[in-house]
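Please examine the sequence and the structure, then work through each solution step by step.

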Amino acid sequence: MAKLLEGKPLAEKIKEDIRGQVSSLKNKPVLASIMVGENAGAASYVKSQAKTAEGLGIEYRLQALPQDTSEAALLELIRKLNSDNSVNGIIIQMPLPASIDYKKISAFIDPDKDIEGMHPANIGKLLFGKAKLIPCTAASAMELINFSGIDLYGKEAVVVGHSEIVGKPLALLLLDKFATVTVCHIGTSKAGKLEEHVKNAEVLVVAVGRAGLIKGEWVKEGAVVIDVGINRVADKIVGDVEFEAAEKRAAYITPVPGGVGPLTVTMLMRNLVEAAKSQQL
Ligand code: NAD
């Protein structure tokens with residue numbers, strides 16, 4: 001039976017380290033958070049970010065803008081935050097109104113304040129293995145893999161899902177540790193090859209958003225399984241991997257909920273403190 005890779009205890013450990021770093025900074029670090037319009041999901045993320053920030057000695061400055069905010073007005077706000085020396089990091093809450101282009105907005109954030117790690121300059125650094133601001137969900141998955149104690153060197157790692165926020169950055173992080181990385185996606189499934197790749201995985205990370213996509217019997221004996229997926233099925237939250245069958249075969253597996261999810265806000269705060277440290281040099 002697999003050991004559970006739980007996010008909460010790991011988040012607590014990382015938070016202790018963050019608190020230590022915050023206390024050695026000259027100024028209290030400041031995170032500027034921008035929310036446009038009203039959305040229950042975004043409001044709940046904001047609440048959880050504000051609470052986590054407070055517990056770490058980080059100032060959380062929320063800018064809540066009306067739904068009809070124009071792209072130009074949002075760019076102007078970011079320009080101000082970019083040049084405000086008291087602000088160390090900026091996060092844009094999703095979703096944005098359809099009239100606003102997220103890619104344009106996120107590329108306008110000063111890369112040194114881009115604590116979501118999604119600015120092209122930071123993605124470029126990730127490619128060179130030099131990133132300090134790493135996309136939070138990918139960073140969470142890496143933390144959980146490291147927590148399992150597995151040495152990634154030469155291991156078969158399979159990432160299912162190739163989104164810009166999870167699959168692609170994670171593939172780069174795994175490559176950086178000399179894992180042999182296979183990235184699967186919708187095309188892999190359509191070609192009927194998903195099972196064959198998954199069966200090879202000594203480390204399996206799934207970030208798709210389809211309950212039960214990964215059959216328990218596909219999981220290799222002794223694998224480390226990180227399930228990033230979040231799906232609501234009959235009022236329950238489940239991942240993308242058939243958990244009960246998979247946990248009988250894996251050595252380590254993340255529960256859903258309770259695996260990757262609880263770590264992501266902590267990773268955001270870790271990025272903020274990284275940003276503050278390099279800005280206060
Ligand atoms: P996305 O929609 O941007 O990307 C989905 C990926 O899955 C794509 O690469 C697509 O090609 C692939 N895919 C779709 N159907 C497939 C199939 N049948 N077989 C193989 N691959 C298939 O999604 P995302 O934003 O990367 O999110 C993925 C999942 O992770 C979602 O469930 C999301 O809710 C969850 N998520 C969780 C956290 C967290 O904190 N735990 C954070 C971000 C995303």
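This is a predicted model: local features need pLDDT of at least 70, side-chain atom pairs count only at pLDDT 80 or more; totals for chains, interfaces and linings use all residues.

**Exercise 1. Determine whether Q93 is buried or exposed, and identify the polar contacts of its side chain.**

Step 1. Q93 belongs to the loop between β4 (89-92) and α4 (102-108).

Step 2. Q93 counts as buried because its relative accessibility is 5%; buried means under 20% relative accessible area, exposed over 50%, and partly exposed in between (1.4 Å probe, protein chains only).

Step 3. The side chain of Q93 forms a polar contact of 2.9 Å with that of S33 and another of 2.7 Å with that of Q49. A polar contact is a pair of N or O atoms within 3.5 Å; within protein, one must be able to donate a hydrogen and the other to accept it, and residues adjacent in sequence count only if both atoms are side-chain atoms.

Step 4. Leaving aside residues up to four places away in sequence, the residues that Q93 touches (heavy atoms within 4.5 Å) include I34, M35, Y45 and Y60.

**Exercise 2. Characterise the surroundings of the ligand.**

Step 1. The shell consists of 21 residues, the closest being H162, S163, S189, G209 and I230; a residue is near a molecule if one of its heavy atoms lies within 4 Å of it.

Step 2. α8 (186-190) and α11 (261-279) each contribute at least two residues to this shell.

Step 3. A ligand oxygen atom is 2.5 Å from a side-chain N or O atom of H162. For S163, the distance from a side-chain N or O atom to a ligand oxygen atom is 2.5 Å. A polar backbone atom of I186 is 3.1 Å from an oxygen atom of the ligand.

Step 4. On its own the ligand has 870 Å² of accessible area, of which the protein covers 74%; the areas come from the Shrake-Rupley method with a 1.4 Å probe.

**Exercise 3. Which residues of helix α7 are buried, and against which elements do they pack?**

Step 1. In α7 (residues 167-176), the buried residues are G167, P169, L170, A171, L173 and L174.

Step 2. These buried residues pack against α5, α6, β5 (156-160), β6 (180-184) and β7 (203-206).

Step 3. Just after α7, F178 adopts a positive phi of about 65°.

**Exercise 4. What are the phi values of A234 and D235, and are these residues buried or exposed?**

Step 1. A234 lies in the loop between β9 (231-233) and β10 (236-238), and D235 is in the loop between β9 and β10.

Step 2. Phi is near 45° for A234 and near 70° for D235.

Step 3. A234 is exposed, because its relative accessible area is 75%; D235 is exposed at 69%.

Methods. Residues are numbered from 1 along each chain as its sequence is written. Side-chain values use heavy atoms; hydrogens and water are left out. Helices (H or I, at least four residues) and strands (E, at least two) are DSSP runs, numbered from the N terminus.
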